[in-house]
Amino acid sequence: MKQFDFFAGKELSRRHLLSGTAAIGSLLAAATLSGCGGNASAAAPRDIQFWHLLSGGDGIKMQALISKANEGNPGFKVHPTVLAWGPPYYTKLAMASAGGRPPQLAIMHASRVPGYAPGGLIDPWDLDLLSENGVTADSFAPRIWDKSQQNGKVFSIALDSHPFIMFYNTDVARKAGVLAGNGQLQEVKSPQEFITMAKEMQKVTQAHGLSFGYLGSGSQMWRLFYTLYKQHGADMELTPGQPMKVDRDAAIESLEFMASLFDDTIAAKSGDISTGIAEFARGGSGMLFSGVWELPTFKKANLPVDAATIPTLFGTPAAYADSHSFVLPRQLNVDEAKRRDVYKFVSDILKGSLSWAEAGHIPAFQPVVQSQAYRELTPQIHYANAADIIAYDPQSWFSGSGSDWQTYFAENVQNVLLGRDKAADGWAAFEKRTNTLLSRPNPV
C-alpha cells in the first residue's frame with residue numbers, strides 16, 4: 001500500500017517538522033474523541049438538578065417519567081432529589097434560592113407560589129421558549145392557567161390538578177339502591193339528601209356510610225371545609241394588613257354540617273386518615289372523602305370502586321384542589337443551555353402525563369385530557385370535570401398545601417368536629433389567628 005508523504009517536495013526544515021508533528025497530533029486527538037462518540041460536550045450531558053416532594057406511588061410514577069425523558073434527550077440528564085412533603089420542603093427550597101444554590105427545577109404546589117414569587121425566589125417562565133416546546137396558554141384549562149400567574153407573569157407550569165373527591169364502593173351502593181341508571185352514584189343536591197344516602201349505605205355495611213379520617217390533619221379538615229365553603233358561592237380574601245374577608249355564615253354552616261357527619265353511624269366520630277382509608281378499603285363504608293392520589297390503593301386492593309366530585313350540597317359546584325407545578329428557582333447566574341434543557345424536559349413530562357393520570361391525578365396538559373386514551377380511564381374520567389370547578393386556597397404568603405395555616409385550622413376546628421366546641425367559637429378563633437398572620441409581612 002502506497003504511503004502518503006506529508007512533506008513531499010518540501011525541505012524538511014525544523015519548522016516544517018514541528019508544524020507537521022502538531023498537525024498529526026491534532027488529527028490523532030480528533031480521531032480519539034470521535035472514537036468515543038463525538039466531541040467532549042456530547043460525551044458529557046448537562047446535569048439538571050430537580051427537587052420534588054413526591055413519594056410513594058407518585059414518586060415511582062415521576063421517576064419513570066424522568067427516566068423516559070432522560071433516555072430521549074442525550075444532551076442532558078435530570079437528577080431528582082426527593083424531600084419531605086410539607087414545611088420542610090418549602091423551607092429548604094426557599095433557603096436554597098436565597099443562598100444561591102438552588103436546583104435548576106423544582107415542584108411546588110400552585111397554592112404556595114404566591115409566597116415565593118414576590119420575593120424573587122423563583123423566576124418567571126419565558127412564554128416564547130415554552131411555545132417553542134409546544135406549550136402555550138391554550139394547553140391548560142382556564143382556572144389552572146390563571147393560577148400560574150402573578151402580576152401578569154407566569155411563575156408556575158402545572159403538571160396536574162389533584163382535587164378532593166368522593167370515592168364510592170359500587171357493590172355497597174348497588175345494594176343500598178343509590179346507583180343511577182348509568183351505573184354511577186345518583187345525584188344528591190342537599191345536605192339532607194346526602195345524609196339519607198349515607199344512612200342507606202350504612203344499612204348495607206353495618207358499620208358506616210362514609211369514611212373520613214381527620215384527627216391531627218389540618219390539611220384533611222381544610223380540604224373538606226373549603227369545598228363546602230366554596231359550594232356556598234362564598235369567597236375568602238387574605239389581604240396583608242387587612243382583616244380576613246369571609247362569609248362567616250357560610251363558614252359556620254360548613255363546619256356544622258361536617259360535625260353532623262361524625263355520629264358513629266354516618267361516619268366514625270373520630271379517626272385519622274389511615275383508619276378512614278383502611279375502613280373504606282375493607283368495605284366498612286360505602287363512601288370516602290379523600291384526594292385522587294388514593295386511587296392506586298383501591299385499584300391494587302381490587303375494590304369495586306368508582307369516583308365523582310363531592311356532591312354539590314350548597315348550590316355552587318366546587319372542589320378543593322391544588323396543582324403540582326414546575327417552578328424555576330432563582331439562579332444567580334443562569335446557564336442558558338441548562339435553562340433550555342429544563343424547558344424541553346418539562347414539555348416532555350407534560351406530553352407524557354397520561355401515566356400520571358393513571359395515578360389518579362387530572363393532567364393539566366389539555367391534549368392529554370382530550371385524548372381517547374384518557375377518556376378510557378375509569379374512574380378518572382368520572383371526576384375529570386373537577387378541573388372546571390377547582391377551588392384553590394385563598395391567595396396569601398402563608399396559605400396553601402402543607403402550610404402552617406392548615407395546622408392552625410386543625411388547632412381551632414378539631415374540637416368542633418369532635419362535638420366539644422361550637423362551630424361559631426371554633427371559626428372565631430381561627431379567624432383571629434389568621435388576622436394575626438395578616439398583620440405580619442411575608443418573611444421571604
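Q: Hi! What kind of model is this, and how are residues numbered?
A: The model is predicted, so local features need pLDDT of at least 70 and side-chain atom pairs count only at pLDDT 80 or more, while totals for chains, interfaces and linings use all residues. Residues are numbered from 1 along each chain as its sequence is written, and side-chain values use heavy atoms, with hydrogens and water left out.

Q: Which side chain meets Asp-341 in a salt bridge?
A: That of Arg-46, at 2.6 Å from N to O. Asp-341 lies in helix H13 (residues 336-351) and Arg-46 in strand S1 (residues 46-52), so this pair ties together parts that are 295 residues apart in sequence. Helices (H or I, at least four residues) and strands (E, at least two) are DSSP runs, numbered from the N terminus.

Q: Is Asp-341 buried or exposed?
A: Asp-341 is buried, with a relative accessible area of 7%, whereas Arg-46 is partly exposed at 33%. Buried means under 20% relative accessible area, exposed means over 50%, and partly exposed is in between (1.4 Å probe, protein chains only).

Q: And what does Asp-348 pair with?
A: Asp-348 forms a salt bridge with Lys-344, and their closest N and O atoms are 2.9 Å apart. These two are four residues apart in helix H13, so about one helical turn separates them.

Q: What about Asp-235, which residue is its partner?
A: Lys-230, with the closest N and O atoms 3.0 Å apart. Asp-235 counts as exposed at 54% relative accessibility, but Lys-230 counts as buried at 17%.

Q: New topic: where is Gln-231 found?
A: Gln-231 is in helix H9 (residues 218-231). Its relative accessibility is 0%, so Gln-231 counts as buried.

Q: Which residues is Gln-231 in contact with?
A: Leaving aside neighbours within four places in sequence, its contacts (heavy atoms within 4.5 Å) include Ile-310, Pro-311, Phe-314 and Ala-318.

Q: Last one: which helix holds Glu-253?
A: Glu-253 lies in helix H10 (residues 248-261), and at 38% relative accessibility Glu-253 counts as partly exposed.

Note on methods: Salt bridge = Lys/Arg side-chain N within 4 Å of Asp/Glu carboxyl O.
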